[in-house]
Amino acid sequence: MHGVAPAVSLASPVIPTETPVRPTRTASDEDLRLARACATGDTGVFEEIYRAHGDRMKSIAYNHLGNISDAEDAVQETFLKVHRAASTYNGESAFGTWLYRVLINTCYDALRRRQRRIQEAPLDDVITTERAGNSVDDAKRMTLRKMLSALPVQRRSVFLLFEVEGLSHAEIAQVLNITEGNSKWILFSTKKQLQESWKNQS
Amino acid sequence: MIISCDNFDDILMEGDALSMQAASRHTAGCQACAAKLASWNEISNVARGMHTAWQNDMLWPRIERSIRAEKRHAQSKWWQIAAAVVMLAALGVFAWKANEKVRNDQFNQRILQASALDAVEKAEKAHLAAIDQLEKSAQPKLDDASTPLLVSYKEKLMLLDDAIAECQANIDRNRENAHLRKQLLAIYSEKQHTLQQVLREGNHVSNP
């Protein structure tokens, strides 16, 4: 393996170029059924999706936006977007992966809107008020959240999806529309950066 | 796989279970890499605790309501589009009909105008023929104008003929000008009246 990976540079990470990897898991008949039902606005199917993915969606949105209210709004908006765009689902990725992609884009939109609002409280302040705790674990989580909030949004997304939500690199690649290799590289360089900050915090 | 401190980062970047086991084996005999791996794993462990779950029984009903509202809105939008299309079509038909009517009216008016003009010209020709007839009767007296009055009538008739010729030339250029036609009619009437006076004067002269 030595010499295969590029040298690590945390300041300006060099993303190895490679041919984009085709999604490892394409749509099943079930995924296509879900998409068709979503396009017609079948609320029964939407509820089915909410039961299956709602918890993870809320967690992803919360970790991107930093508060429950915005996270719930993002989840709601994601379902509306899915309703509007389900007819364009082409089955290149699993329906769940596509759903997370819509969610992540919704979170990015919300972050951009938030950046435009001058009076908006900074993300780390929100997190502090939401998640203040006494235990050592809570303190560590808070520290990590603060570190993550300082990262570029794509790095944060890769880290959260892999480390927090347990998605594979192949799934992350589909969600974020990057290659699997990029996903690995971004995660590695992000963790390296966090490791340095972690040491300084300690 | 042989792992050394040099390629330890490559192993971490791979990140799969097999690579991490290999990294663990390497750290058993390497304190520097062990510390690195420990903080690496600590970040992962803390991150796993960041998965946030909460129960909100109102969220799904809220989402469901918004989807239903969106669906209704989309349906009403289609109805609005359909209604707009129907209205546009109705307006189009109305405009076409109105245009058709205007065109028919214009056509009818043109036909009427032309036929009226023909009738006027026909009447004028008959009138002219009658005046010509009158002129032929008066011509011998005019050719042999024995009194100053007859000479004066002759000059007047010559002036009237000039005026008729000029007016006729103008009418030929603008056939539909009603004013010119009235003017021509007036000149012809004057000519007719003058010819009648010539004939009357001639009779007075021949029967003193």
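These exercises work through a predicted model with chains A and B.

**Exercise 1. Describe the fold of chain A.**
Which secondary structure elements does chain A have, and in what pattern?

Solution. 
- Step 1: Count the elements. Chain A has 9 helices and 0 strands.
- Step 2: Read along the sequence. The pattern is α-α-α-α-α-α-α-α-α.
- Step 3: Check burial. Of the 202 residues of chain A, 39% count as buried.
- Step 4: Look at the contacts between residues at least 6 apart in sequence. Of these, 68% join residues at least 24 apart.

**Exercise 2. Find the centre of the nonpolar core.**
Which residues have the most contacts inside the largest nonpolar core?

Solution. 
- Step 1: Take the largest nonpolar core, which has 57 residues.
- Step 2: Pick out the residues with the most contacts inside it. They are Ala61(A) and Leu103(A).
- Step 3: Find the main contributor. Helix H4 of chain A, residues 95–116, gives the most, with 8 residues.
- Step 4: List the partners of Ala61(A), leaving aside neighbours within four places in sequence. They are Ala71(A), Ala74(A), Val75(A), Leu103(A) and Cys107(A).
- Step 5: In soluble globular proteins, nonpolar side chains tend to be buried together.

**Exercise 3. Take apart the contact between the chains.**
How many residues does each chain bring to the contact?

Solution. 
- Step 1: Count both sides. Chain B brings 31 residues and chain A brings 37 residues.
- Step 2: Find the helices on the chain B side. H1 (8–14), H3 (31–48) and H4 (59–143) each supply at least two residues.
- Step 3: Find the largest share. H4(B) gives 10 residues.
- Step 4: Sort the chain B side by type. It has 13 nonpolar, 9 polar and 9 charged residues.

**Exercise 4. Judge the confidence.**

Solution. 
- Step 1: Start with the whole chain. The mean pLDDT of chain A is 81, and 78% of its residues reach 70 or more.
- Step 2: Find the stretch. Over residues 1–24 of chain A the pLDDT is below 50.
- Step 3: Over residues 124–133 of chain A, pLDDT stays under 50.
- Step 4: Draw the lesson. Where pLDDT is low, the predicted coordinates should not be read in detail.

Definitions and conventions:
Residues are numbered from 1 along each chain as its sequence is written. Chains are lettered from A and ligands numbered from 1 in the order in which they are written. This is a predicted model: local features need pLDDT of at least 70, side-chain atom pairs count only at pLDDT 80 or more; totals for chains, interfaces and linings use all residues. A nonpolar core is a set of buried Ala, Val, Leu, Ile, Met, Phe, Trp, Tyr and Cys residues joined through C-beta atoms within 7 Å. A residue is buried if 20 or more other C-beta atoms lie within 10 Å of its own, exposed if 12 or fewer, and partly exposed in between; C-beta atoms are placed from the backbone. Helices (H or I, at least four residues) and strands (E, at least two) are DSSP runs, numbered from the N terminus. Two residues are in contact if their C-beta atoms, placed from the backbone, lie within 7 Å. Ala, Val, Leu, Ile, Met, Phe, Trp, Tyr, Cys and Pro count as nonpolar, Asp, Glu, Lys and Arg as charged, and the others, Gly among them, as polar. pLDDT is the predictor's confidence in each residue, from 0 to 100.
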